[in-house]
Amino acid sequence: MTFASKSAWRVEAMETGLVDSSIRVALRFLPADYRNRYRDEWYAELDEMERGEVSRCRPALRILLNAPAMGWALRADGRHQAAGLPSVFSTGEQRAWLVFAHAATILIDPSTSCILGSRLPRHVKVGDLLVLRNEVGLLGAGVIDQVSERDEFRRSGCRKCFSANLVHLREFPPLYRCMHCGELSRYRMLIVTKSKHYATSHGRTWVAMRGLLSNKELAALCVNPKAQSRIQELRPGAFETEMASRYPESLRYPILARATNVT
Amino acid sequence: MLGKVRMTVQTLQVLQTLLDRPMDEHYGLGISEASGLATGSIYPILARLEIAGWITSEWEDIDESVEGRRRRRYYRLTYDGAAKARSEIVEMQRRLTSTRDSESSGWRPATPRPGWGLT
């Protein structure tokens with residue numbers, strides 16, 4: 001390796017390090033729920049800049065400089081909710097559902113939509129409270145704005161074994177590792193399955209509550225605590241009361257305060 | 001119902017870019033190139049507009065491994081957002097016009113005379 005090529009390699013490595021560090025710090029300013037989304041969005045643009053042979057350092061530093069303002073703007077949603085500004089509620093009886101978030105939903109955006117599966121429980125309707133969990137515990141809750149029927153199931157996955165279990169290894173250049181077959185790839189593959197399924201949207205009232213309750217604690221709030229199904233009904237007001245007793249500050253959110261006022 | 005958004009010159013520039021081609025899908029880099037704003041500075045504006053319900057965003061529906069690039073996040077004005085954006089831009093133009101007219105009609109700020117405040 002010549003001196004010139006060695007220097008170029010060093011400069012590139014420094015640039016990559018600077019970009020990675022800037023984005024990592026910038027993401028810390030954002031609410032936890034938005035970090036994955038903006039990480040993907042920012043890296044997509046930096047990736048395009050790299051292909052256009054434009055330096056990525058300056059845009060990455062600008063992103064970092066504007067991150068506090070952005071975090072403030074994104075948290076405004078929570079502040080508006082806390083102030084009792086408009087939120088969507090049905091006037092009818094509200095039921096609550098505990099749903100295991102599908103791996104594909106995690107890749108889409110659990111804060112905005114959730115895939116319910118090919119069979120829609122008869123009683124799930126607009127205005128119901130949707131409580132999402134993953135294999136660790138609670139993710140968050142929101143009121144269902146819309147239930148839609150889709151013909152295709154779209155998800156990202158490994159290009160070799162199609163598993164959705166991908167881990168983001170490195171930011172730039174992006175690198176994913178499949179935890180099923182070990183394949184390393186720079187881009188995820190889009191896998192489209194023709195099957196009818198139902199999905200909800202609940203982004204307008206979503207409240208992030210990641211890790212505040214474990215799966216065992218959530219199961220205790222269900223109508224049938226020993227049921228193994230992916231969608232389970234929660235006892236009326238049980239989730240809201242549990243959250244209010246453990247975390248009184250959660251009453252700031254209308255979707256949780258409503259049921260506790262009734263009971 | 002649309003929320004309020006603090007109107008700055010940069011916000012108006014972003015809205016103007018989105019309004020130029022309201023049916024198109026705009027992504028961050030494209031918006032920053034079209035509006036002339038720096039890449040990093042448009043994201044707080046887009047976040048504010050999205051939370052207020054003026055714009056919506058969604059991921060591009062592509063196969064990353066086929067396209068050889070990451071998916072973009074596309075932004076689009078909502079129906080109400082587009083109407084509100086137009087009215088804000090018209091309002092800003094009206095204000096600027098009235099300021100220009102008042103300047104051309106002969107009004108001038110009082111100029112201090114020499115010696116004022118000394119006697």
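User: How many helices and strands make up the secondary structure of chain B?
Analyst: This is a predicted model. Along the sequence, chain B reads α-β-α-α-β-α-β-α. The tally for chain B is 5 helices and 3 strands.

User: What share of the residues in chain B is buried?
Analyst: Buried here means under 20% relative accessible area. Chain B has 119 residues. The buried part of chain B comes to 40%.

User: In chain B, what percentage of the contacts with a separation of 6 or more comes from residues 24 or more positions apart?
Analyst: A contact needs heavy atoms within 4.5 Å. Take the contacts in chain B with a separation of 6 or more. Residues 24 or more positions apart account for 57%.

User: How far apart in space are B:Gly3 and B:Ala52, C-alpha to C-alpha?
Analyst: B:Gly3 sits in the segment before helix H1 (9–20) of chain B. Leaving out residues up to four places away in sequence, B:Gly3 touches B:Ala52 and B:Trp54. In sequence, B:Gly3 and B:Ala52 are 49 residues apart. Their C-alpha separation in space is 4.3 Å.

User: Is B:Gly3 buried, partly exposed or exposed?
Analyst: The relative accessible area of B:Gly3 is 26%. Buried requires under 20%, and exposed requires over 50%. B:Gly3 therefore counts as partly exposed.

User: Are the axes of H2(B) and H3(B) roughly parallel or roughly perpendicular?
Analyst: Helix H2 (residues 28–35) and helix H3 (residues 42–51) of chain B have axes that come within 11 Å. These axes cross at roughly 110°. Angles of 65 to 115 degrees fall in one class, so H2(B) and H3(B) are roughly perpendicular.

User: Which residues of H3(B) meet H2(B), and is the crossing left-handed or right-handed?
Analyst: From H2(B), the residues are B:Gly28, B:Ile31 and B:Ser32. They meet B:Ile42, B:Tyr43 and B:Leu46 in H3(B). The crossing of H2(B) and H3(B) is right-handed.

User: How many disulfides does the structure hold?
Analyst: A disulfide needs two cysteine sulfur atoms within 2.5 Å. For A:Cys161, the nearest cysteine sulfur is that of A:Cys178, 3.5 Å away. A:Cys178 is likewise in no disulfide. Over all chains, the number of disulfides is 0.

User: What is the strand order of the open sheet of 3 strands in chain A?
Analyst: Its pairing is antiparallel. The edge strands, each pairing on one side only, are E2 (113–117) and E5 (146–157). From one strand to the next, the twist averages 55°. The order is E2-E9-E5.

User: Which residue in E9(A) is the bridge partner of A:Ser113?
Analyst: Strand E9 of chain A covers residues 189–201. E2(A) and E9(A) run antiparallel, joined by 4 bridges. The partner of A:Ser113 is A:Ser201.

User: What is the order of the open sheet of 5 strands in chain A?
Analyst: This sheet has mixed pairing. Its edge strands are E10 (207–208) and E11 (231–234) of chain A. The order is E10-E4-E3-E1-E11.

User: Which residue in E10(A) is the bridge partner of A:Gly140?
Analyst: Strand E4 (residues 138–143) of chain A pairs with E10(A) over 2 bridges. The sense is antiparallel. The partner of A:Gly140 is A:Ala208.

How values were computed:
Residues are numbered from 1 along each chain as its sequence is written. Chains are lettered from A and ligands numbered from 1 in the order in which they are written. This is a predicted model: local features need pLDDT of at least 70, side-chain atom pairs count only at pLDDT 80 or more; totals for chains, interfaces and linings use all residues. Side-chain values use heavy atoms; hydrogens and water are left out. Two strands pair if DSSP finds at least two bridges between them. Axes are lines fitted to C-alpha atoms, for helices over the stretch in contact, and angles run from 0 to 180 degrees between N-to-C directions. Angles under 35 degrees count as roughly parallel, over 145 as roughly antiparallel, 65 to 115 as roughly perpendicular and the rest as oblique. A crossing is left-handed if the near helix is turned anticlockwise from the far one by less than a right angle, and right-handed if clockwise. Buried means under 20% relative accessible area, exposed over 50%, partly exposed in between (1.4 Å probe, protein chains only).
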